[in-house]
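Please open the model in your viewer and keep the sequence panel beside it. The stops below say what to select next and what is there.

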Amino acid sequence: MATGARHEPRDRRSPWLAIFYWLVIVVTSVPILVMVIYSFNNAPTSRITFAWNGFTTYWYRNLGQVSGLTHAFLVSIEVAVISSLISVIIGTPLSMALGRYKFWGMGSINALVFADIAAPAIVVGAASLSFFLSINLNTGLLTILIAHVAFNVAYVVVVVRARLSGMDRSIEDAARDLGANPFVTFYRITLPLLWPALLAAFLLALAMSIDDYVITSFIAGSTVTFPLFVYGAAKVGLPPQVLCFGTLIFFVGLTLALANGFLNRRHLAVRAATEDSLTK
Amino acid sequence: MTNVATTRVREPSRLRRWVSRHSPPYVLSLLGVGWMLLFFLIPLGSGLIVSLETGNPVRGYNLTWNWHIYSQIFVHSDIPYTTFFIRSLIYGGSATIFCILIAYPMAYFIAFRVSERWKSSLLLLVLISFFVSFVIRTDMWAFVLADQGIVITTLRHLHLVGKNFHILGTAGAVIGGDVYNNLAFMVLPIYVALEKIDLRILEAARDLYANTRQVFLRTVLPLSRAGIFAGVLLVFISTVGDPVNSALLGGANTYTIGQAIQDAYLNNQQFNVAAALSTILMAMLGLIMFVYARVFGTENIENLV
């Protein structure tokens, strides 16, 4: 297929599709705009208010003022980083198995990965709590970590496997022909080529973990994560600092995603150039 | 004698070769699959076990194989669980249909009307709300749509609605929230499916005098069926069980089964009831998805996510 513009062959183009697309994007941006704008609202109380009382950076300068919020945020970061690391470490070999071998039981593993992603969070949360109750494991930080790894492994597999299937195997074969053992081949060839996918998988896992409310709500015990804190606060009105944290997460997440996309694109460009020079 | 000896020597080496040829994928999958089995699949089963226990939060629960819990939930319950189930299915179904209607044109636009270099940016825009925490972005809608919020006060100023007009607490608000939070899960698979379509097929259809509508209905739509299928699967499953949209955007009349499971487990500590409800929900979704896959199915759904 041509790599240039991929247009549907059609003479008349109505603008309605474009208008519709942008309209939906505008509507979906409303909560983001409201969050960013109201994080600067000079609200008279420590709850967000509908009235606009002027611009202030007070809430950003007093981020740590709300008791429990900062701690919940740090717990979420900790859970996200640790669970994402574990997920990438155990999910990458699994992706290698699924992407590089044909073996008995592969279909079942693929189905398991799919079920892990598609299963409704409410059922997974309730079932996890049932399980932890059955084995008498007290719910808390440990159970949150276990459950987050359990759903993040599947996301890691999906991302890494997709990259593996698009990867040129001939380089690995060449390394093997030149006498490299499987470990050297993995470390010197596969891993460097896979790096962007591992980073993308890690970032996705990070995002899924930081964002999870439903599953965590069941198995958190007395531990409070950021989404749990926000949910609890939402019923009585959010403190403006929640919007500040939300705004910070938004911009950090967006920056990371854009940087990752940029790295990916550069990576692809470098590879294309290398392949180009090799064929010449 | 020597024969036996040689076979004895040869046997392990053959076995070892066989093992070393076939074991790598199993060794590689061990940890990942083990974790998912132990902390995802087995818990799903243990939910069934807990539902068959009887007892109370103070004394603890014992397994008594109390299958009656399942009839109690539907028939002899003070709490109308049947209504919650039906309501949740209606909300999930409506949200899924709206998602298809909104997502398809968007995915079509990105796949066919945009030059290659802008596609990833436009896809990122579809995902933009995921960069805001789920609970915050849903609560921001509650903030915007509240009775004193900007939308309703504006509508009142323009005399478009009366004093008794509300958005929050209605089924519309909950379904709207479900659509908003899941739209990307519909756009992405449909986009992937459309992107795979060989454009020469569309050209061929046009050469054979198909008009615009026929090209779409006879080629594009059937060829993107797998994408719609995957999207429906993801959106329907996640919206039927969701407790957050109905809790933050709904009211007393929009109480869903997701909230019921949460309340039974976490507030009332009726572990057996909660586990039974969640087992029923899982079985119900499994059955609906199985029938749906049989009717509209595609071969390998795993490849679509």
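Begin in chain B by selecting helix α2 (residues 24–51) and helix α14 (residues 271–296), whose axes come within 7 Å and cross at roughly 130°. The axes are lines fitted to C-alpha atoms, for helices over the stretch in contact, and the angles run from 0 to 180 degrees between N-to-C directions. Helices are DSSP runs of H or I with at least four residues, strands are runs of E with at least two, and both are numbered from the N terminus. The angle makes α2(B) oblique to α14(B); under 35 degrees counts as roughly parallel, over 145 as roughly antiparallel, 65 to 115 as roughly perpendicular and the rest as oblique.

This is a predicted model, in which local features need pLDDT of at least 70 and side-chain atom pairs count only at pLDDT 80 or more, while totals for chains, interfaces and linings use all residues. Residues are numbered from 1 along each chain as its sequence is written, and chains are lettered from A and ligands numbered from 1 in the order in which they are written.

Staying with this pair, note that the crossing of α2(B) and α14(B) is left-handed, a term used if the near helix is turned anticlockwise from the far one by less than a right angle, with right-handed used if clockwise. To see the contact, show Leu44(B), Gly47(B), Leu48(B), Val50(B) and Ser51(B) of α2(B) together with Phe271(B), Asn272(B), Ala275(B), Ala276(B), Ser278(B), Thr279(B) and Met282(B) of α14(B). Two residues are in contact if their C-beta atoms, placed from the backbone, lie within 7 Å.

Next, select helix α4 (residues 81–112) of chain B, which has 32 residues and reaches 46 Å from its first C-alpha to its last, close to the 46 Å expected at 1.5 Å a residue; the expected span is 1.5 Å times one less than the number of residues. Centre on Ala103(B), where a kink of about 30° lies shortly before the proline Pro105(B).

Now move to chain A, whose secondary structure comes to 11 helices and 0 strands, and whose C-alpha trace spans about 70 × 65 × 35 Å along its principal axes. Select helix α6 (residues 141–165) and helix α8 (residues 182–211) of chain A, whose axes come within 9 Å and cross at roughly 150°. The two helices α6(A) and α8(A) are therefore roughly antiparallel to each other, and their crossing is right-handed. Among the residues that make the contact are Phe151(A), Tyr155(A) and Val159(A) of α6(A), and Leu194(A), Leu198(A) and Met208(A) of α8(A).

Finally, display both chains: 77 residues of chain A are in contact with 80 residues of chain B. On the side of chain A that touches chain B, the largest share, 13 residues, comes from α1(A).

Notes
Bend = angle between axes of the 7 residues up to and from the residue.
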